[in-house]
Amino acid sequence: MTKIGLSLVLFNEPQIRYTLFIENFKKKFKNHNVKILVFLNSKHNYKFPNDVLVFQSLKNIGYGKGHNHNYEWFKDNGYKKVIISNTDLKINSSPEKFIIIDEAALIGPLVKNEDGSNQRVTRALPTLADKIKSFFLKYPYYVKESSSNIKMVPHISGCFFLVNVSVYNKLGFHWLFDPVFFMYEEDTDLCRRLYGKNLILHDPSMIVTHNYEKGSSSSIKLLLIHLKSIFHYFKKWGILDKQAIQSRKQIINNE
């Protein structure tokens, strides 16, 4: 049976939230060989089930670096598939089809809001103008719920996705998330690095409900962190990224 890892990174999180998520995850993946790793960014008095492996950091090293730590542990211990996830979501469907996909590096589910609407996170890569608009409006170029067919896409959400370890590692990257990103945009950068390789899949048969709080809209501290990540992203890829514009065609052609 394929070994599947679940990576969680926590910082100042309500215990009830991650407890409910772990219970939901175990229920959906009860027929699979799963190991859960939690990376704690700074000291917490959290309680976890005995079968959950916990790594404690003495300081907050960031969301991406925490997942990088867990990913390397899974890779070194022979796990073929690693799920990266937030805990502010609920898995609504069976993962049977989702976890057997082997030809892609990344596979993302259909992500919905709590009211059942499409969260529009499976979408085109952003230009700077798109990113600015996203603080006020919805992204215009996103995968619509037109069928249950698996599709190649340019971008999936970092809230929940699966990494095929062997496929990703062949690409030669030294990490999963670029460590320059403390929090925010690390998933966009990951997808941008893979764009054009046809290695990112969207599987709408796998459905999760994401309680997206958009913390950077209500916290000055988080907003500043987000703006710093946006700066790093466009410094790396360009303000008017031609590949981002090209990715819109991929979205439109999938409709």
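**First stop: a buried ring**

Select phenylalanine 177: its relative accessibility is 1%, so it counts as buried (buried means under 20% relative accessible area, exposed over 50%, and partly exposed in between, with a 1.4 Å probe and protein chains only). Before you go on, know that this is a predicted model, where local features need pLDDT of at least 70, side-chain atom pairs count only at pLDDT 80 or more, and totals for chains, interfaces and linings use all residues. Residues are numbered from 1 along each chain as its sequence is written, and side-chain values use heavy atoms, with hydrogens and water left out.

By the ring rule used here, Phe, Tyr and Trp rings (for Trp, the six-membered one) pair if their centres lie within 6.5 Å; planes under 30 degrees apart are stacked, over 60 edge-to-face, and the rest tilted. By this rule the count comes to 14 aromatic pairs. One of them joins phenylalanine 161 and phenylalanine 177: the centres are 6.3 Å apart, the planes are at 80 degrees, and the pair is edge-to-face. Phenylalanine 161 belongs to strand S8 (residues 160–164), while phenylalanine 177 sits in the loop between helix H4 (165–169) and helix H5 (186–194), so the pair ties together parts that are 16 residues apart in sequence. (Helices are DSSP runs of H or I with at least four residues, strands are runs of E with at least two, and both are numbered from the N terminus.)

Next, pick tyrosine 233 and phenylalanine 234. Their ring centres are 5.0 Å apart and the planes meet at 85 degrees, so this pair is edge-to-face. Are these two residues buried or exposed? Both tyrosine 233 and phenylalanine 234 are buried. Then select Tyr18, Tyr46 and Phe48, which ring pairs link into a cluster.

**Second stop: a covered helix**

Colour H5. How many of its nine residues are buried? Nine of the nine are, so to speak, under cover: H5 is mostly covered. Among the buried residues of H5 are Glu186, Asp187, Arg192 and Arg193, along with Leu190 and Cys191. While you look along a helix, remember that an α-helix has 3.6 residues a turn, so residues three or four places apart point the same way. After H5 comes glycine 196, with a positive phi near 90 degrees.

Go to asparagine 12, in the loop between strand S1 (3–10) and helix H1 (15–28). Asparagine 12 has a positive phi of about 50 degrees although it is not a glycine. With 55% relative accessibility, asparagine 12 counts as exposed.

Arginine 120 is your next click, in the loop between strand S6 (106–112) and helix H3 (128–134). Its phi is also positive, about 60 degrees, although arginine 120 is not a glycine. Arginine 120 is partly exposed, with a relative accessible area of 25%.

**Fourth stop: contacts and distances**

Select valine 52 in strand S3 (residues 52–57). Valine 52 is buried, at 9% relative accessible area. Which residues does valine 52 touch, not counting those up to four places away in sequence? They are Ile36 and Val38 (contact means heavy atoms within 4.5 Å). Try the distance tool on valine 52 and tyrosine 63: they are eleven residues apart along the chain, and their C-alpha atoms are separated by 19 Å.

Now find asparagine 149, in the loop between H3 and strand S7 (151–152). Asparagine 149 is partly exposed, with a relative accessible area of 49%. Leaving aside neighbours within four places in sequence, asparagine 149 is in contact with His202 and Pro204.

Over in helix H3, click isoleucine 132. Its C-alpha atom is 31 Å from that of phenylalanine 21, which is 111 residues away along the chain.

**Last stop: zoom out**

Of its 255 residues, 52% count as buried. Along the principal axes, the C-alpha trace spans about 50 × 40 × 40 Å. Among contacts between residues at least 6 apart in sequence, 78% join residues at least 24 apart.
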